[in-house]
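The sequence and the structure come first.

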Amino acid sequence: MVIPYGRQSINDSDIDAVAEVLRGDWLTTGPYVDKFEAAIADLVDAPGAAVVSNGTAALHVGYRTLGIKPGDEIITTPMTFVATSAMAMHEGATMVFADVQEDTGNIDPAAVEALITPKTRAIAAVDYAGHPVEIDELRAIADKHGLFFLEDGAHSIGSTYRGRPVGHDADITTFSFFPTKNMTTGEGGAVVSRDPKLVARARSVRGQGLVRDKSIQRMPDTGDWHQEVHEIAFNYRLPDVLCNLGLSQLNRLAGFKAQRAVIFDRYVEALKDYDEFILPGKRDYVDPLWHLFPIRVPAARRRAIFDYLRTNGVWVQVNYMPVHWHPVFEDLGYKRDITPIANAYYEGEISLPMFADLSETDQDNVIRVLVDALTKA
């Protein structure tokens, strides 16, 4: 039997929530969209949210909402999935990669500030593994230089920083509800902002640019059917049926957080005395909802240990190859050596199974196989 590195947790309440919508009148955009958006906004203490079809769409909507345009530079991290950069590049931006902190894998604020130029428009930080970035430092840098601060919270809904929820402080925060994430809607995501005007714009961008607010329409007296398009945008809507699943999952989020914290602590206790492993760092002032448990092993042995784990039923993953190592970035002229700390982190990283329903028995098997790999791989 294979132990996956991540998986969704679905119970009868989730199934009932989906069935409730299927028995009703709305499948696409209906009342549960509003309810889900309100619940997300309440969770992160923000004025509002715009739910979208997936986490990549959330990033695209976020960048468009901020007005990112050709010629803008975005300073970001290489320790993430390619979508964090790709969606800004769809708007014509140029990505500038800052190095990361060695212990958390999160973007280094000092490295960010050193890369700011007159073309810099935004900082795009990622809460790697669920551990929030240095929000106060990045917020201060953004404010000092007149930049936008976008927080990619694909890993971190439910995490807090100095007692404040992720999603409260950035100009735009994006979430992902993919099945392996902290909660799921199957596919789905959200954009939140501390600025109600940005929330309204995000909702317009995800809804093909349609304007129904008569106060800003150019032809408001046409009739009640009337709607206008003021910009070419996208159809990134999340349907009612998935929004009610999201509401059910939000009700379970605190339980997911507690279960993942127990798993995290058991891994740390079992592995802390092995010099061959570097365990994930954690700041005293953060309370993560852990999405990943990234360990680092000797780089020269990473492939052998990885293969041994998978051969023995522990379906580990590597998160992530630095974004600028991908051939598409190499073809654009990016050099690998610009982020030596991120590169070293990647070269030894392996993500162990981490999900809310991971049993103690399965976790013990993961630990046993990992330790065996030290002598047998």
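Predicted model: local features only at pLDDT ≥ 70, side-chain atom pairs only at ≥ 80, totals over all residues.

## Overall form

The secondary structure of the chain comes to 12 helices and 16 strands. Along the principal axes, the C-alpha atoms fill a box of roughly 75 × 55 × 35 Å. For 377 residues a compact globule would have a radius of gyration near 21 Å, and the value for this chain, 21 Å, agrees with that expectation. Buried residues make up 57% of the 377 residues. When contacts between residues at least 6 apart in sequence are considered, 71% of them join residues at least 24 apart.

## Pockets and cavities

Rolling a probe the size of a water molecule over the atoms shows where empty space is left.

| Space | Volume |
|---|---|
| Largest pocket | about 720 Å³ |
| Second largest pocket | about 430 Å³ |
| Largest cavity | about 60 Å³ |
| Second largest cavity | about 30 Å³ |

The largest pocket is lined by 24 residues, and those nearest its centre are Ala200, Arg203, Ser204, Leu210 and Arg212. Helix H2 (31–44), helix H7 (196–206) and strand S11 (210–211) are the elements that give two or more residues to this lining, and H7 gives the most, with five residues. By class, the lining of the largest pocket has seven nonpolar, eight polar and nine charged residues.

The second largest pocket is also lined by 24 residues, with Thr56, Phe81, Ala154, Ser176 and Lys181 closest to its centre. At least two residues of its lining come from each of helix H3 (55–65), helix H4 (83–90) and strand S9 (172–176). The lining of this second pocket divides into 10 nonpolar, 11 polar and three charged residues, whereas nine charged residues are found in the lining of the largest pocket.

Two cavities of 30 Å³ or more are present in the structure. The residues that line the largest cavity include Arg7, Gln8 and Ser9, together with Lys181, Asn182, Met183 and Thr184, and also Phe256 and Arg260. By class, the lining of the largest cavity holds four nonpolar, five polar and three charged residues.

Among the residues that line the second largest cavity are Asp103, Tyr128, Ala129, His131, Trp290 and Tyr345. This lining has six nonpolar, three polar and one charged residue.

## A sheet of three strands

An open sheet of three strands runs in the order S8-S7-S13, with antiparallel pairing. Its edge strands, each of which pairs on one side only, are strand S8 (164–165) and strand S13 (286–287). Strand S7 (residues 160–161) pairs with S8 in the antiparallel sense over two bridges, and Tyr161 stands opposite Arg164 in S8.

The loop between strand S6 (148–152) and S7 contains Gly158. Is Gly158 buried or exposed? Gly158 is buried, because its relative accessible area of 19% is under the 20% limit. Leaving aside neighbours within four places in sequence, Gly158 is in contact with Leu253, Lys257, Asp287 and Leu289. Gly158 and Leu253 lie 95 residues apart in sequence, but their C-alpha atoms are 7.1 Å apart in space.

## Backbone exceptions

Most residues other than glycine have a negative phi, and most peptide bonds are trans. Asp45, in the loop between H2 and strand S2 (48–52), has a positive phi of about 55 degrees although it is not a glycine.

Ala129 likewise is not a glycine, yet it has a positive phi of about 70 degrees. The place of Ala129 is in the loop between strand S5 (120–126) and helix H6 (135–145). Ala129 is buried, with a relative accessible area of 1%, and it belongs to the lining of the second largest cavity.

A cis peptide bond, with omega about 0 degrees, joins Asn319 and Tyr320. Tyr320 is in the loop between strand S15 (314–315) and helix H10 (327–330).

Notes. Residues numbered from 1 in each chain as written. Heavy atoms only, no water. 1 Å grid on protein atoms, 1.4 Å probe; cavity = no way out; pocket = protein on both sides within 12 Å on 5 of 7 lines; lining within 4 Å. Points joined across faces, edges and corners; volume = space filled by probe spheres on them. Helix = DSSP H or I, 4+ residues; strand = E, 2+ residues; numbered from the N terminus. Nonpolar A, V, L, I, M, F, W, Y, C, P; charged D, E, K, R; others polar. Pairing = 2+ DSSP bridges. Rg over C-alpha atoms; globule rule 2.2 N^0.38 Å. Buried < 20%, exposed > 50% of the residue type's maximum accessible area, 1.4 Å probe, protein only. Contact = heavy atoms within 4.5 Å.
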